[in-house]
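Subject: Handing over the two-chain model

Dear colleague,

Please find the structure below, with the sequence beside it.

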Amino acid sequence: MSSARTEVSIVGVGLHPFGRHDPALTGMAMGARASRLALADAGVNWADIGYAVGGSNVSGKPDTLVSVLGLTGVPFVNVRNGCATGGVALATAANAIRAGETDLALVVGFDKHARGAFAASPADYGHANWYAETGLMITTQFFAMKDRRYLHTHGLKDELLAQVAAKAFRCGELNPDAWRRTALSEDEIMRSRVINPPLTQYMICSPSEGGAAVVLARGDRAADLCERPVGLAAVAKRTRRFGSFEVFAPWLPPETGQSPSVDAARAVFTAAGISPAEVQVAQLQDTDAGAEIYHMAETGLCEDGAQQQLLDLNETAPAGRLPINTDGGCLANGEPVGASGLRQVIDIVLQLQGRAGARQVPRQPHIGFTHVYGAPGISACTVLTA
Amino acid sequence: MTATAVDPALFTSIDPPRLAGSRCANCGTVTFPVQAGCAKCTGTDMEPVELADRGTLWTWTVQAFEPKAPYRVPETGFTPYGVGYVHLGDVIVESRLLGDPAGFEIGKPMELTLLPLWTGADGSPVVTYAFQPGGED
């Protein structure tokens with residue numbers, strides 16, 4: 001790690017469990033709860049925080065949290081980058097520390113979504129009304145069509161989707177904070193209700209509710225605040241480039257481009273000076289089971305097509321060679337969009353600190369990786385070390 | 001009765017149906033629908049172009065559940081429908097698909113047609129574009 005670059009560490013984490021909660025419990029209240037848990041985990045007070053970043057897609061302006069947590073005058077940035085919100089919020093706070101604005105920052109995300117698939121506004125994504133009115137603007141269609149194209153191109157079978165989902169629910173069973181804690185067989189998953197073929201009900205994550213927060217500290221303060229601080233070795237974010245196949249796209253060029261996940265992952269590994277092969281535990285955006293499959297390759301954790309063998313050998317389970325989404329991921333936790341990326345970071349932090357309980361990776365990992373991907377083609381990745 | 005396009009900007013012609021795109025004068029990139037700037041080279045000199053009415057299926061799915069608004073449910077009620085991307089040579093276009101999904105297959109020839117959506121304020125059918133299997137020469 002170069003001395004010219006200020007190191008940033010995670011010194012506290014807090015999670016309001018994801019799922020379906022009391023209708024009266026607001027998204028912002030879950031964000032406040034997660035914030036207080038993270039502050040307590042770090043052993044600091046809200047008044048000690050010199051910079052805050054918050055993300056929510058549908059549950060209000062995050063900086064309103066100051067009215068609950070305390071009117072300390074803290075600078076507070078709001079982030080709204082779809083499913084990539086958590087990663088972008090984390091990067092923003094880390095950069096504030098590196099820029100010398102503060103030595104202690106809070107990052108929080110929360111959301112409380114209505115049941116069922118998201119209904120997106122065409123104008124929000126630069127489309128005319130026909131695109132949504134005629135039934136083309138539905139995120140799950142994109143997941144299914146990208147999956148089908150990927151499986152077809154790399155000679156993978158639809159059943160691989162069920163293998164990934166079954167692994168997610170086995171992890172959920174081990175995670176007391178998970179929403180879906182019942183293991184399902186691959187056969188049950190394949191035979192469940194078809195949503196958008198090849199995807200069935202249990203291969204797609206559901207919008208849910210929850211909050212997540214982390215406390216970041218400048219590296220030289222971390223050891224005082226935390227017995228085992230986790231270093232944020234690098235964080236990177238990218239938007240899409242020409243030719244990548246993205247959600248809400250009425251057209252694509254015939255030439256294939258690489259997804260923003262490829263760019264963000266390469267950038268973060270280069271900045272951290274760590275190769276994908278060194279990753280010992282990972283969190284990948286698994287909005288659907290297919291997303292986990294192609295994100296394994298897009299982030300460089302495996303070759304295209306190698307996923308079948310990794311899943312067959314159970315290598316992506318907590319006890320495997322490349323544990324992925326050990327808390328059950330989006331599939332077992334659902335996705336409160338603003339909080340989801342921070343849930344990933346929290347799972348990796350707990351793994352690197354040996355605090356992950358029944359889902360703990362048996363050989364203590366020291367290098368972790370997180371990846372979020374969101375509409376309309378953005379990605380943020382982190383490398384975490386302990 | 002004459003059909004009305006759900007958005008006139010999508011078509012160069014309704015009968016026969018032909019789609020309207022744009023081509024970048026600088027790098028040749030073709031877009032659908034028409035757009036004012038080029039996503040590839042960032043140029044702003046875009047020329048109107050009529051897209052091919054035949055192509056091959058690039059990927060597909062079926063919309064099995066009724067989407068929320070702003071999707072407009074047909075007057076006859078919701079029934080599952082096909083959705084896909086069709087490779088037209090210069091551009092790959094997202095589209096509603098007509099026909100039995102059992103016949104959808106990546107690489108299969110597809111041809112452009114019209115899909116009636118709902119009845120317009122003047123009583124004429126409002127249509128969008130769609131592709132269906134067929135069109136082998």
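Two strands are said to pair if DSSP finds at least two bridges between them, and the helices (H or I, at least four residues) and strands (E, at least two) are themselves DSSP runs, numbered from the N terminus. Please keep in mind that this is a predicted model, in which local features need pLDDT of at least 70 and side-chain atom pairs count only at pLDDT 80 or more, while totals for chains, interfaces and linings use all residues. Residues are numbered from 1 along each chain as its sequence is written, and chains are lettered from A and ligands numbered from 1 in the order in which they are written.

**Strand pairing in chain B**

Strand 1 (residues 4-5) of chain B runs parallel to strand 10 (residues 125-133) of chain B, with 2 bridges between them, and Thr4(B) has Val126(B) as its bridge partner in strand 10. Strand 8 of chain B also pairs with strand 10 of chain B in the parallel sense, again over 2 bridges, and here Leu97(B) is opposite Phe131(B) of strand 10. Strand 9 (residues 109-119) of chain B, by contrast, is antiparallel to strand 10 of chain B and is joined to it by 9 bridges, with Pro116(B) opposite Val127(B). The hairpin of strand 9 and strand 10 of chain B has 5 residues between the strands, and in it Gly123(B) has a positive phi near 85°.

**The sheet of chain A**

In chain A, 9 strands form an open sheet of mixed pairing, in the order 3-2-4-7-1-8-12-11-10. Its edge strands, each of which pairs on one side only, are strand 3 (76-79) and strand 10 (281-283) of chain A. On average, neighbouring strands of this sheet are turned by 20° against each other, direction ignored; such angles run from 0 to 180 degrees between N-to-C directions, and axes are lines fitted to C-alpha atoms, for helices over the stretch in contact. Within the sheet, strand 4 (residues 104-112) and strand 7 (residues 209-218) of chain A form an antiparallel pair over 9 bridges, where Asp111(A) has Gly210(A) of strand 7 as its bridge partner. Helix 1 (residues 27-42) of chain A packs on the sheet, where it touches strand 1 (8-19), strand 2 (51-55), strand 4 and strand 7 of chain A, and its direction makes about 140° with that of strand 1. Contact between two residues requires that their C-beta atoms, placed from the backbone, lie within 7 Å.

**Helices of chain A**

The axes of helix 3 (residues 85-98) and helix 13 (residues 337-352) of chain A come within 6 Å and cross at roughly 70°. That makes helix 3 of chain A roughly perpendicular to helix 13 of chain A, a label used for angles of 65 to 115 degrees, whereas angles under 35 count as roughly parallel, over 145 as roughly antiparallel and the rest as oblique.

Helix 5 (residues 139-153) of chain A has 15 residues, which at 1.5 Å a residue should span 21 Å, and this agrees with its end C-alpha atoms, which are 21 Å apart; the expected span is 1.5 Å times one less than the number of residues. The buried residues of helix 5 include Phe142(A), Phe143(A) and Met145(A). They pack against helix 6 (159-174), strand 5 (194-196), strand 6 (199-200) and helix 10 (289-298) of chain A, together with strand 6 (54-63) and strand 7 (81-87) of chain B.

Helix 10 of chain A is also mostly covered, with 9 of its 10 residues buried, among them Ile293(A), Tyr294(A) and His295(A). Just after helix 10, Gly300(A) has a positive phi of about 90°.

**Where the chains meet**

The contact takes 30 residues from chain A and 35 residues from chain B. The largest share of the chain B side, 6 residues, comes from strand 6 of chain B.

With best wishes

Technical notes: Buried ≥ 20, exposed ≤ 12 C-beta atoms within 10 Å, placed from the backbone.
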